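Please look over the sequence and the model below.

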Amino acid sequence: MATKGNRDFRPLTHYTPPYGWINDPNGMVYEDGIWHLFAQHYPDDTKWGPMHWRHATSTDLLHWKDLGIALYPDEELGYIFSGSGVIDAGNTSGLGVDRDPMVLMYTHADVVNNRQQQSIAFSEDRVHFTPYAGNPVIASNEVNFRDPKVFKNPILNCWSVVISCDKVMEFYASDDLIHWRKTGEFGRTENRLGGIFECPDLFPLTAPDGSQVWVLLASTALPAPFGGFRMQYFLGEFDGNTFRETHPARLPRFVDSGYDDYAAVTFFGADRRLLMGWAEAIAYGEDGPTGEFCGLMTYARELSLVELNGELCLAMKPVTPDFDLKPVPEIEPLQLNFRQSIPRSEGALPGELFHIRVEAEGPFNLTLSNDRGEALNISLSTEQKLVVDRTKAGVRDFNPLFNSGLFSVMTAPRGQFGPAVLDLYFDRMIAETYMDGGTLVNTSVVFPQEPYTKATLLGKGRLSIGSPAL
């Protein structure tokens, strides 16, 4: 087991494995007050290896009970890559005996023969899973054919699944989760960025005008200058067979302006659409200084559709602890010269789990800092761009890409003008930033050698700091 940590970076309210490596969240299901989370996992090291599925449950999406490994690699079919889970209400698969089964659908990755196929496993007790004897249920010889996301098809009244197949996504339908037929595909002309699709998801949301719009998520392996791996989404309609983009945007739509949010998918069975992602970047994730574990999940985020500048876009509201927000008084302004000064507010941080809100009338700079001189800077520029700068935020030299300008300073256009509201949720090593009602989001991991102790706001506005409410 690798031991590379110089202090305890394990977050307090974000999921991490007890040991080893994790990446993509998988098989996320809500049932009877319990949230089930599975994740790509390698138990024998803090680097990527032969993939298993680890299983955890929660009643609040903030505190997790580890249930160990649910799926193991198969000697013939291969590693267990990403996938999804459902409750098979009505036992359409016939795999349940005393109870409707939970069915997991996942990719078997045969690294010897270089092919990927789709398989299923099932469970009545939601803890012990039995691989289906007839796996794979969707056979193929494709190299990049993975990450099945199963959902109920309300148009055809059956099951459907969307699967990444290189630079397109394929759709299949089934009456029993076992026998599948291809119904369509998406991306041959719409994949304008040209990357390989991964970890898709498809679901409906209600637009501000009351209409139903389907959202297709696509984690995408992209070339520069997009940083290698980003999450984009498309808006359109689903006819029961395939997805069609009907609300194109002027620019590609990204889920997150940071690099530490990838492979995010939503929970099956919940009464609201909740998204959770892997809070690490493929480019440098396995080299981080976190000790016996490597990898974590974002907060779950409730999704909605809003209109911004005449276009529909996703808005995200995170599920977080309750925080007691209190305004911080202004102190002596920062004097630039004898004619000009900048308002300044400053307050102590209440430990390593906190919420900061900035209500600004214009451009501002928010800094989290400690006595070592480490500082995370989050600002709204005069060009109305959100800038997250972790150049001096903590340990950076563990990986040359993390230490590079591309990954150190992240910039994204705000898309509107006027007063701004920013909410920052910080948990030991992860900063989740939500601006303008969650229409602009940045997720970034940082590794300060000592906890941040002070927050400083430069700019006209109000700074509030919240500690976890008792």
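Predicted model: local features only at pLDDT ≥ 70, side-chain atom pairs only at ≥ 80, totals over all residues.

Residues are numbered from 1 along each chain as its sequence is written, and side-chain values use heavy atoms, with hydrogens and water left out.

Student: Which residue in E3 is the bridge partner of Gln40?

Tutor: Gln40 lies in strand E2. Strand E2 (residues 34-42) runs antiparallel to strand E3 (residues 52-58), and seven bridges join them. In E3, the partner of Gln40 is Trp53.

Student: Is Gln40 buried or exposed?

Tutor: Buried means under 20% relative accessible area, exposed over 50%, and partly exposed in between (1.4 Å probe, protein chains only). Gln40 touches residues including Trp21, Met51, Trp53 and Phe81, not counting residues up to four places away in sequence; contact means heavy atoms within 4.5 Å. Because its relative accessibility is 3%, Gln40 counts as buried.

Student: What is the relative accessible area of Trp64?

Tutor: Trp64 sits in the loop between E3 and E4. Among the residues that Trp64 touches, not counting those up to four places away in sequence, are Tyr15, Trp35, Leu37 and Met276. Trp64 is buried, with a relative accessible area of 18%.

Student: In E18, which residue is the bridge partner of Val265?

Tutor: Strand E17 (residues 262-266) is mostly covered, with five of its five residues buried. Three bridges join E17 to strand E18 (residues 274-278), and the two run antiparallel. The partner of Val265 in E18 is Met276.

Student: How many residues does the largest nonpolar core have?

Tutor: A nonpolar core is a set of buried Ala, Val, Leu, Ile, Met, Phe, Trp, Tyr and Cys residues joined through side-chain atoms within 4.5 Å. Val358 is one of the residues with the most contacts inside the largest core. Leaving aside neighbours within four places in sequence, Val358 is in contact with residues including Phe364, Leu366 and Leu457. The largest nonpolar core has 45 residues.

Key. Pairing = 2+ DSSP bridges. Helix = DSSP H or I, 4+ residues; strand = E, 2+ residues; numbered from the N terminus.
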